[in-house]
Amino acid sequence: MGQSHSHRGHHHHYDHDHAHPHDHNHGGPDHLHSHVHGTSASERAEELQTLSASFIDGFRQAEDKTSYLRIAGIPFQKEGADGLMQHLVDAQIVSNWQIGTASPAFASRELVYMPFPGAMVEQRETMTFTYVSLTERADIDLLTLLSHRLEAGAGE
């Protein structure tokens, strides 16, 4: 059920079995969670990016980071691929700036590179949660957690 890929010398294993209580209040002002309402994949991705940015801003400003994560429903434990319980030990926020694009050129082994003008360079931030057990480590992106939670809530 998980998928793996590597980036620059470190390995990510994503196991998407997030078995945690998903209790929501319904039928009134207490119904506080959000749903991704976009119909196209790009609208859904844009809405997830917006939710992620809001989450990261709130996390930065929270005086009690642990309570913020609990209120947001971020699991502090999850079952690993080998059945052992993994525990949340780290949350990391990384800033990136896309400086340009590179794509394959027609009939060439070279890439077509297009640098962005300064005004088009925008900051993007990602947040990763690290879970560990005695035998395994899982780095799970905030967008993955949000996407699974919102998809689970879409059928409500």
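The model is predicted: local features need pLDDT of at least 70, side-chain atom pairs count only at pLDDT 80 or more, and totals for chains, interfaces and linings use all residues. Residues are numbered from 1 along each chain as its sequence is written, and side-chain values use heavy atoms, with hydrogens and water left out.

**Stop 1: salt bridges**

The structure holds two salt bridges. The term means a side-chain nitrogen of Lys or Arg within 4 Å of a carboxyl oxygen of Asp or Glu.

Select Glu125 and Arg60. Their closest N and O atoms are 2.9 Å apart. Glu125 lies in strand 7 (residues 123-132) and Arg60 in helix 1 (residues 41-61), so this pair ties together parts that are 65 residues apart in sequence. Helices (H or I, at least four residues) and strands (E, at least two) are DSSP runs, numbered from the N terminus. Arg60 is partly exposed, at 43% relative accessible area. Buried means under 20% relative accessible area, exposed over 50%, and partly exposed in between (1.4 Å probe, protein chains only).

Now select Arg137 and Asp139. Their side chains meet in a salt bridge at 3.0 Å, N to O. Which of the two is buried? Asp139 is, with a relative accessible area of 4%. Arg137 is partly exposed, at 49%.

**Stop 2: aromatic rings**

Rings of Phe, Tyr and Trp (its six-membered ring) pair if their centres lie within 6.5 Å; planes under 30 degrees apart count as stacked, over 60 as edge-to-face and the rest as tilted. By this rule there are three aromatic pairs.

Select Phe55 and Phe129. The pair is edge-to-face, 6.5 Å centre to centre, with 80° between the planes. Phe55 lies in helix 1 and Phe129 in strand 7, so the pair ties together parts that are 74 residues apart in sequence. Phe55 is buried at 9% relative accessible area, and Phe129 is buried at 0%.

**Stop 3: charges over rings**

A charge sits over a ring if NZ of Lys or CZ of Arg is within 6 Å of the ring centre and within 35 degrees of the ring normal. Show Lys65: it lies over the face of Phe59, 5.3 Å from the ring centre. Then show Arg70, over the face of Phe76 at 4.1 Å from the ring centre.

**Stop 4: the surface**

Finish with Tyr113, in strand 6 (residues 111-115). Tyr113 is exposed, at 52% relative accessible area. With Trp97 and Ile99, Tyr113 forms a nonpolar surface patch of about 370 Å² accessible area together. Patch residues have over 30% relative accessible area and no salt bridge; like charges are joined within 9 Å, nonpolar side chains (Val, Leu, Ile, Met, Phe, Trp, Tyr) within 5 Å. Accessible areas come from the Shrake-Rupley method with a 1.4 Å probe; for residues, only the protein chains shown count as cover.
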